[in-house]
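Subject: Structure handover

Hello,

Here is the structure I said I would pass on. My notes on it follow below.

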Amino acid sequence: MSLDVPAALLERAESGAVNDEEFVACVRDSLPYAWQVISQVAADLEGADFADHATPPPSETERGQLLRALASDAIRGGLERHFGMKLAFQNCHRVGAFRPAAVDSAAYREFISPAGQLRNQSPELRDC
């Protein structure tokens, strides 16, 4: 599913006048599963430097929402600014959230490393 963009927002986007609040609201309304996952890791991040979500989505529809949200630079950036965190992504569903100050931490470097990616693989995730 792509973003469901209201006509008025699309008109403003065509003139280049869209703010983060409007954009993030469109993402929230269009990709509810992705919004739920990102909101949860943001809540789990309170008082910590790192939080993650590793539960596989219940269906391909939800997996598609998560992939769209995290594969788009614009959507991911909007979510990061909205929640004040840095997002990282492994496989087809593991989302990591880091405080901006923790982006150079050992935990962040491990999460985004090739070795970390390989350790997070399993046969059941090959087709996700």
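Gln117 counts as partly exposed, at 26% relative accessibility. This is a predicted model, and everything below should be read as computed from it. Gln117 sits in helix α7, residues 114-119. Leaving aside residues up to four places away in sequence, Gln117 touches Gln90 and Asn91. Phe89 is 28 residues from Gln117 in sequence, while the C-alpha atoms of the two are 9.4 Å apart.

Strand β2 covers residues 86-90 and pairs with β3 in the antiparallel sense over 5 bridges. Within that pairing, Gln90 stands opposite Arg94 of β3. The hairpin has 3 residues between the strands, and Asn91 takes a positive phi there, near 55°.

On the sheet as a whole:

- The sheet is open and consists of 3 strands in the order β1-β3-β2, with antiparallel pairing.
- β1 and β2 are at the edges and have a single partner strand each, so one side of each has no neighbour in the sheet.
- From one strand to the next, the twist averages 20°.
- Helix α3 packs on the sheet and touches β1, β2 and β3; the direction of α3 makes about 150° with that of β1.
- Helix α4 (residues 60-71) lies across β2 and β3 and runs at about 130° to β2.
- Strand β1 (residues 50-53) pairs with β3 over 4 bridges, in the antiparallel sense. Asp52 has Gly96 as its bridge partner in β3.

How many residues of β3 are buried? The count is 5 of the 5, so β3 is largely enclosed by the rest of the structure. Burial holds for both directions in which the residues point: Arg94, Gly96 and Phe98 point one way from β3, Val95 and Ala97 point the other way, and all are buried.

Next, the aromatic residues. A pair of aromatic rings is described by the distance of the centres and the angle of the planes. The structure holds 5 aromatic pairs. One of them is Phe98 with Tyr108, an edge-to-face pair at 4.9 Å centre to centre and 90° between the planes. Phe98 belongs to strand β3 (residues 94-98) and Tyr108 to helix α6 (residues 106-112), so this pair ties together parts that are 10 residues apart in sequence. Phe98 is buried, with 0% relative accessible area. Tyr108 has a relative accessibility of 11% and therefore also counts as buried, since the cut-off for buried is under 20%.

Phe98 also pairs with Phe111: the ring centres are 5.8 Å apart and the planes are at 75°, so this pair is edge-to-face. Here too the pair links distant parts of the chain, with Phe98 in strand β3 and Phe111 in helix α6, 13 residues apart. Phe111 counts as buried at 5% relative accessibility. Taken together, ring pairs link Phe50, Phe98, Tyr108 and Phe111 into a cluster.

The last item is helix α2, residues 20-30. Val24, Cys26, Val27 and Ser30 are buried in α2. Why do they count as lying on the same side of α2? They cover an arc of only 155° around the axis, which puts them on the same side of the helix. Exposed residues Glu21 and Asp29 are carried on the face of α2 turned away from its buried side. The cover over the buried residues of α2 includes α1 (7-14), α3 (32-45) and α5 (73-83). At the N-terminal end, α2 is capped by Asn19, with a side-chain oxygen 3.1 Å from the backbone nitrogen of Glu21.

Regards

Methods. Residues are numbered from 1 along each chain as its sequence is written. This is a predicted model: local features need pLDDT of at least 70, side-chain atom pairs count only at pLDDT 80 or more; totals for chains, interfaces and linings use all residues. Side-chain values use heavy atoms; hydrogens and water are left out. Buried means under 20% relative accessible area, exposed over 50%, partly exposed in between (1.4 Å probe, protein chains only). Helices (H or I, at least four residues) and strands (E, at least two) are DSSP runs, numbered from the N terminus. The arc is that of the directions from the helix axis to the C-beta atoms. Contact means heavy atoms within 4.5 Å. A polar contact is a pair of N or O atoms within 3.5 Å; within protein, one must be able to donate a hydrogen and the other to accept it, and residues adjacent in sequence count only if both atoms are side-chain atoms. Rings of Phe, Tyr and Trp (its six-membered ring) pair if their centres lie within 6.5 Å; planes under 30 degrees apart count as stacked, over 60 as edge-to-face and the rest as tilted. Two strands pair if DSSP finds at least two bridges between them. Axes are lines fitted to C-alpha atoms, for helices over the stretch in contact, and angles run from 0 to 180 degrees between N-to-C directions.
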